[in-house]
Structures are given as C-alpha cells and as structure tokens.
Amino acid sequence: MTAGRTARRVVVTGVGAVAAGGVGREAFWERIVGGRPAIRRITRFDPSRYRSRIAAEADFDPLAAGLTPREIRRNGRFAQFALAAAAEALADSGLRTEAEDTDRFGVCLGTAVGATVTLEDEYVVASDGGRHWEVSPDHGMPFLHRAMHPSSAAAELSLRHGLHGPSSVVSTGCTSGVDAIGCAFRTLSDGEADVMLAGASEAPISPVTVACFDAIRATTAFTGDPELTPAPFDARRDGFVLGEGGAVLVLEELEHARARGASVYCEVRGWDNRTGAYHMTGLRPDGYELSEAIISAMSEAGIAPEQLDWISAHGSGTVQSDRYETAAYKRALGEYARKVPVSSVKSVIGHCLGAAGALEMAACALAVRRGVIPPTANLLRPDPRCDLDYTPVLARERRVRHALSVACGLGGFQSAMVFSAPEPDPEREAEA
Amino acid sequence: MTTRAVISGLGVVAPTGVGARPYWRATVAGRNGIRPIGRPDASRSPVVLAGEVTGFDAARFIDDELRAETDRWTWFALAAAEMALADAALRPADHPPFHLSVVTSSGSGGNESGQRETHALWARQPGEAGAHQSIAWFHAAGAAQISIRHGLTGGCGVVAADGAGGLDALKHAWRRLRRGGKAVIVGGTEAPLSPFALACQSTLPTVHRGTDPERAYLPFSPHASGFVPGEGGALVVLEEKAHAAERGVRGYAELLGHAATHDAHHHTAPAADGVQLARAVTTALEQAGRAPEDVDVVFADGAGDPAGDAAEAAALRRVFGDRLAQVPVTVPKAGVGRLTSGAGALDAVTAALALRTGIVPPTRGGDAGAARERYGLRLVTRWTRPERLTTAVVLARGTGGFNSAVVLGSLDADSSY
C-alpha cells in the first residue's frame, strides 16, 4: 500500500466529550485517569429480564449542555451527545464559525445504531406494545423520519453551526468512531475542507439493543458489584459492558491552525482499516487483519514500532476480541509489543459501540498533551494469553510522542489510527 | 497524484428491473415502477404508492440460511454485488489479500429486521431472536456480509447522508483506490417499505399520499406533489483504470469528480437559492477538469415537490447560466421513486450506461414544455441520442440539506449494449 506523508497535515485543536462518569472533557479525563469504572445497574429501563443488566450510563442533561428545547425535541439522545460534545470541542478550539469560510468547514460523525432509543420508544406506542405489526400511522411523533436516518445528526451539526462543507455519517459498527475521524482526516488532507467537526456518538442502552447483544452473548452476564467489571484482558472477563456517550474533535489543516495561532493537541498521522471477511461475530485467532490495519496506518504515519509510547486499545473485555487484539499487536509490532503500554479506556466508560473510537481518540489527544496515560481498570489477574503491559489499575506519567488507537467491530471490521505530539511551529519559534 | 477510476461492473436491483440490462431497457422505454405497495402488511400505510421491487427472487442469489440472517436491504446489496462482480468479470479469489474492498451507503439500515427484533421483544420475551438476525439491522451489516461472502479484506466503509449518500460512497471508494486498493464494490441500497419505515417516512411533509401511479412522482412538473419512496439500489465495481485495462475489461464510465456540500439551512427543506447545491456541481467539475460547457447531460435529483424542484433549478442556473436551456436534464428516478441511499448509486449506474450507449434516458411522466416555462430546463421526456455524450453530471440531495454531485466521463462508446 502507499506509504508516506500527505502534503496537507491534519491536527486536533479541540476536544469535547460526554461519557458515563463524566460529562465534559475535564470530567471525562479525570474519570478515565482515576480508573474507577462508571458502571451501574441499568436505570434507563428495568433490565431484570435480560442476561446483561449493567451499563455505563451517562448522566447527561441536554438543557445544561446548552441544547434548545427544540433541538432536544427533534434529536435523539445520540444526536444530543454529539451536539454537546461538538459545542465543547468548538469552544475549546477557539474557532469562531462566523469568522471562518464555512464552505470549507464540514462534519463527519460516526454512529453504529443511531436513534434506536427513539425508534424503539415510538414503535412501542405505534404498535400498541407489540400488538400490531402493521403500525398505526396516527401515532408518529413529528420527527420520526429523522430518527430513521442517523445522518440527520450530521445535518443538525451542520445546521447548528452554519457549516457548508461536506457532511455525513459513517456507520461501520464499532469502528465508526475511528473511521469517521479517519474520513475527516482524508477530507482535510485531500484539500476538500480546512476544518472538520469529527467524532462519534452512541446511545444504545435500550431494550432492543441490550437484547441483541444478549443474543450473541457479547455483553457481560456479571451480576456482582458493577464496578468490578468490565475486566479487559483479565482472566475473569466475560464480555463487554454497554456504554453510551460521544466525543467530537476539531480537526484542522495544520497551516490553518497555525495561521490563527491555535493550540494543537496532536497531529493525525495515519489511518486505515481492514476486514476479516470471515464471520459476522467470529474472529480468526491470529489478529491478522487488525495487524495489517495497524501496519498500514503506521506506514502512512512514518512511525516505527519502537517510537510508539502508548496504545489506546479496543480492549472491550470479550474473551475472543482481547486475545485477537493481543495477537495483532505482536504481529504488527514484533518484540516491541511487550514494551509499549496498552490501556483500555472501555474498562472505565464501557463500550460505547460507534462512539468508542472517538472517545478513545479524545483520550489520545489528552494523553499527548498531559503526559499521562490512563489505566486499564479491573485488571488484576491477566489471561495468560493476554501477556502484554496493559497498564493495570493505575495511570502512569509518560511522555506520549506517538500513540496508536484501534477499534474492532462486528462483521470483522478493524481500524487503526496514529497520532503524534505536535511539532513546534517554526514561525513561532523564530519569533521567540 | 490522481488515481483514475472506472466503473467496470454494474449490479442493479430496481423496481423496474433486476440486473443492469433489464433495468436499462425499462428506463430507456420510460416504464413506470411506481405502483400500489403490494406487500401484504402495507394496508394501514398512509403512503399507498411506492417503487417496490417485485421481480426479485432473493433465493436466486442468497441461500436460505443467509436469507434468514439478513435484512431485505442486505439481500439487495448481496444480489447487486454478485451481479456487479460478474459483470466486471472480477473473481476476488484471484486477487491478493487487501486489494479489494466494499463501501456501501445505507440511510436507514435494516428497517424490517429492526422492526422484527423490536416487535418480538415487546410482543413476547427476549432471548428468542437468533444470534444473526439480532444484528441484521445494523447499518454495517450489508457491507460486512458482502465482505464475508466475497472475501474482500481491504476494508469496509459505510456512509450515510440520506439521499446523497449513494454518491458519497463513490468518493470513499475512490480514496481507497488512491491508497493502493485495486477495486471496490460500492453503491447503496435501501429497503424502507416495511410498516414502521413507512410510518417514519410519512412524517415528512413532502411524501406523496395519492393513489394514482401516473400522477404520483412528477419532478419539475406543474403537478409535482411530493416524492414517492422506493426500494432497491445499485452496486458497482469501481476499479483502478490500469487494473481494469490489464484485465481486459473496458468498463462503462470514468469517475472524474465528486463534491459534497451542505445547505445548513433547515432540518427538512432545501435552501431555495441553490447556492450550495451549485457549489457541489462546480467543485466536482473543477476536480474533473471539465467546464460547465463540457456537460452533455445532467441527471437531476428531482425532488418532485415545487420548492425542491425550484431550488435545484436555481442551482443549475447558477452553474450553467444562460446555457441552461440547452443542457439536457433528465430524472430517470421518476420511474422508480426515491431510493434514499440507492438513489445516487442507481443514478450513477444510469449515467454510466448513458455514456456507454450514447443514449439519454427520459424523465417518465415529464412535461418538457412546463419544465422549460417554469424552470428554464430542457427536460428530456423521450430518450435521445445526442451528437456528443462524453460528460455527465449526477446530482443527489438528502433530507436535512445534504448535496452531492458526481462527474462521469465516457470511455469508448458502444451502442450495442
């Protein structure tokens, strides 16, 4: 595959996040660095008849997040997360959209299941609690078409901020977040825009989604103290914990960011994905496709394995996927796989499906800036087949010059992205 | 560095025909695929007419087990992928790993399977769903199933931008070729005619609620009264030009440009000034290295409601200026309805076939006089064979303000298709 740096470079200049245990960037960062899982018995509905009964629920108040009553009414919970995270990221970036060329300012948002919560709630009413397959047309809430189309969330972001650049949703399941940010990265490096709101959001904690993951036995059946799970890479892990939330990054072409003196978190250096083409829920044991995605992303970034300071893992806590991922690191990084610290942010905020990759990239941006890597919570007794340094329990101070973030998804989707610490601006250096 | 990309294979599942040839014949003849929904579970639907795919035997393409595990929208995608690969004479097994990929556009995912899962859950008890049915409604399921069936390991992309997504998928696929991929199965399908999906669409003010298939979806007509939803779509093989040539495959058309913009105007209505839609067209033309004067035909989005049609006409006037009255504009989707993600993909196929055959297909039910008078457009209402047919522009819009435009260029013409 083609290697080498693209001519136009892309940096992160703003971060916004909504997650369990932390609404807002600072609360999110504190929570994941503290390493205390934000997991509880599901409160959004009565989970007692389900196999998996715990989740990472966000205590999110859309009014407090600045959404108008009208925006709240016409946007499902996942879109509300995106609106809140985008507003925070924009404010963080210091960009004023009215001063920007909005033709060159776009949106790329990831989500795996979109407005499922709204659709399910409305279906229950329209079908009279599942009594009628042919639903009554008289019950539809006025915005059901929007709920049916997750792209309405990207449209809402463009509308809210008056952005006329390319706008779309990426929905590659659990790799949606990485792929949406990757898509924005390409849009910028190809010269089709100068700034992108890029991220992902998810609100999957509804009966139907919980039941679907029960059916494929991907989620945990753990019934003890909720904070003792998920346990990625630990011998006692038994599945992921469903989470909700969202993160949006401001991605900006480097010269555009420099021209306005923006503060840069990190540079996006490489992205790629591969597909297992094997099974909807099964993975080959050797980590082959994920390792190829990693190799390709690192090759685009021009980074050697030894240069990596941190891996933000997929680390969902399923038996299969944690092993697959471990094998992929060994294949892609060789001996160095044993030396680079790896962490699972999902151990604290659960698996937010499509949003996971975006939240983990928000974590990467913050780790690069702050020189701290968050831990993998609940990792006390590693699975003998998961034999890398997973940063158990405690955060570490560490200078992060280059970070890798990965995502694995149902259907065999594997994505990888490489970030680097910002290089000093030569002009500003000269002035100093 | 630009990577040249050609459409080297076509797969179509449309209300007027399954397979590119039957679809093309029906389209040139101006046949109408819009009719009362025949599904047995549509009796309570406020939307009576649709472009329903009726001549589709899913069992011809998909075995019983896989059919049970997948949604109707994925059936369309699996069938279209199979036809496109066969048409391109591309056997994935002959190619090295990671050279081939799949990118789909999916606006609303697995509507019927989503309703079924929800229905089963509320009507009965959880735990009854089969494992694979339970994830059939995810938007990524279609692309994943195609990758598994054909061993496409180069990566999957799934994009949604309501009705514009089918064209955006082509851009994503093109990027894959630029990064070293050799061919991508790309396009979009949609299956939004299950009961709850129809209820969702009926919340749009622009959906047509009448009962006369001949007067239902009439883009640029004075009688325009909304759009008719449809199902189906298309997948194509987008292939690196040199790779196709080495295999001795001629292809249908070359992908020359794509651009997407957003109105940021209103959550359902398009911007009346057409500024951003026009910018999508001019940007795609710039990328293609073509001028507005080079454009031989426009495959319009054709909203089918007065405001949407006026906005598109305004956009085209911005692009073509005084020459607009000379540019043939056609809306072949008038014969199939609006297929959301399938729309842009199917229009790209139609445009590719036009470039290959030299024939511009008509706007079924179109009124050329009224379109000229009202919108200043030269609407094609009977198939024509213009003197020159080398550059086609395809437009697609999505509810919420999405605009996309694609420029396709002819390869060598072949009127024998």
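This is a predicted model: local features need pLDDT of at least 70, side-chain atom pairs count only at pLDDT 80 or more; totals for chains, interfaces and linings use all residues.
## Overall form of chain A

Chain A contains 14 helices and 16 strands. With a radius of gyration of 20 Å, close to the 22 Å given by the globule rule for 432 residues, chain A is as compact as a globular protein of that length. The C-alpha trace of chain A spans about 70 × 55 × 40 Å along its principal axes.

Of the 432 residues in chain A, 66% are buried. Among contacts in chain A between residues at least 6 apart in sequence, those joining residues at least 24 apart make up 81%.

## Helix H1 of chain A

Helix H1 of chain A covers residues 25-34, and its buried residues include Arg25(A), Phe28(A), Trp29(A), Arg31(A), Ile32(A) and Val33(A). Several elements of chain A take part in covering the buried residues of H1(A). Among them are strands S1 (10-19), S2 (22-23) and S13 (372-373). Helices H3 (77-93), H12 (346-349) and H13 (354-370) of chain A are also included.

After H1(A) comes Gly35(A), which has a positive phi near 70 degrees.

Opposite Val169(A) stands Ala160(B), a residue of S6(B).

## The two domains of chain B

Chain B is divided into domain 1, residues 5-246, and domain 2, residues 256-407. The C-alpha centres of these two domains of chain B lie 21 Å apart. In the contact between them, 59 residues of domain 1 of chain B meet 56 residues of domain 2 of chain B.

Elements that each supply at least two residues of the side of domain 1 of chain B that touches domain 2 of chain B are strands S1 (5-14), S4 (49-51), S7 (183-190) and S8 (232-240), together with helices H1 (20-28) and H6 (165-178) of chain B. H6(B) gives the most to this side, with 8 residues. The class make-up of this side of domain 1 of chain B is 30 nonpolar, 22 polar and 7 charged residues.

## Strand S14 of chain B and its partners

Strand S14 of chain B, residues 402-410, has 8 of its 9 residues buried, so S14(B) is largely enclosed by the rest of the structure. Strand S9 (residues 253-262) of chain B runs antiparallel to S14(B), and 9 bridges join the two. In this pairing, Leu255(B) stands opposite Leu408(B) in S14(B).

Strand S13 (residues 391-398) of chain B is also antiparallel to S14(B), joined to it by 8 bridges. Here Thr391(B) stands opposite Gly409(B) in S14(B). S13(B) and S14(B) form a hairpin with 3 residues between the strands, in which Gly400(B) takes a positive phi near 105 degrees.

Conventions
Residues are numbered from 1 along each chain as its sequence is written. Chains are lettered from A and ligands numbered from 1 in the order in which they are written. Two strands pair if DSSP finds at least two bridges between them. Helices (H or I, at least four residues) and strands (E, at least two) are DSSP runs, numbered from the N terminus. Domain bounds come from an automatic or database domain assignment. Two residues are in contact if their C-beta atoms, placed from the backbone, lie within 7 Å. Ala, Val, Leu, Ile, Met, Phe, Trp, Tyr, Cys and Pro count as nonpolar, Asp, Glu, Lys and Arg as charged, and the others, Gly among them, as polar. The radius of gyration is taken over C-alpha atoms; the globule rule is 2.2 Å times the number of residues to the power 0.38. A residue is buried if 20 or more other C-beta atoms lie within 10 Å of its own, exposed if 12 or fewer, and partly exposed in between; C-beta atoms are placed from the backbone.
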